[in-house]
Amino acid sequence: MTIAVLGFQLMIFISMFIAILMGRGWLKAATVFWVLFTLFGSIYTMGLMTLQLITIYFSFRVCDNFWKWRTSRRGAVRVSR
């Protein structure tokens, strides 16, 4: 595995982490984008496609857990009238 392949996987994770900082809807949009790019983009080898899908899955899980941790830390939100 080359540094370029690992760097691209890191770029996927970073882009998804930036998306979760903007909101959960952004994370879902980024996930859909990366899955579609992986399936219909310029990836022609099954091994690289599998690696990328696994990276997307674990990135989503990590970011989703980060979102849950971040929102649970805030506690109950008071609604003013």
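In the predicted model, serine 59 counts as buried, because its relative accessibility is 4% and burial is assigned under 20%. Serine 59 is part of helix H3, and, when its neighbours within four places in sequence are left aside, its contacts are with Phe13 and Met16. Met16 is also listed among the residues of H1 that meet H2, and it belongs to the largest nonpolar core.

Leucine 48 likewise lies in helix H3, but this residue is classed as partly exposed, because its relative accessible area is 28% and that class lies between the limits of 20% and 50%. Not counting residues up to four places away in sequence, leucine 48 touches Val5, Gln9 and Ile43. The C-alpha atoms of leucine 48 and valine 62 are 21 Å apart in space, with a separation of 14 residues in sequence.

The packing of two helices is described by the angle between their axes together with the distance between those axes. For helix H1, which spans residues 3–22, and helix H2, which spans residues 24–40, the axes come within 6 Å and cross at roughly 155°. The two helices, H1 and H2, are therefore roughly antiparallel to each other, since angles over 145 degrees are assigned to that class. The crossing in which H1 passes H2 is right-handed. On the H1 side, the residues that meet H2 are Phe8, Met11, Ile12, Ser15, Met16, Ala19, Ile20 and Met22, and their counterparts in H2 are Arg24, Trp26, Leu27, Ala30, Thr31, Trp34 and Phe37. Sorted by class, this contact of H1 with H2 comprises 12 nonpolar, two polar and one charged residues.

The largest nonpolar core of the model contains 10 residues, namely Ile12, Met16, Ala19, Ile20, Leu27, Ala30, Trp34, Ile56, Phe60 and Cys63. The largest share, four residues, comes from H1. Isoleucine 56, one of the members of this core, is in contact with Ile12, Met16, Thr31, Trp34, Val35 and Thr38 once its neighbours within four places in sequence are left aside. Among these partners of isoleucine 56, Ile12, Met16 and Trp34 are themselves members of the core, and Ile12, Met16, Thr31 and Trp34 are included in the contact between H1 and H2.

Methods:
Residues numbered from 1 in each chain as written. Predicted model: local features only at pLDDT ≥ 70, side-chain atom pairs only at ≥ 80, totals over all residues. Heavy atoms only, no water. Axes fitted to C-alpha atoms, helices over the stretch in contact; angles between N-to-C directions. Parallel < 35°, antiparallel > 145°, perpendicular 65-115°, else oblique. Left-handed = near helix turned anticlockwise from the far one by under 90°. Contact = heavy atoms within 4.5 Å. Nonpolar A, V, L, I, M, F, W, Y, C, P; charged D, E, K, R; others polar. Core = buried A, V, L, I, M, F, W, Y, C linked by side-chain atoms within 4.5 Å. Buried < 20%, exposed > 50% of the residue type's maximum accessible area, 1.4 Å probe, protein only.
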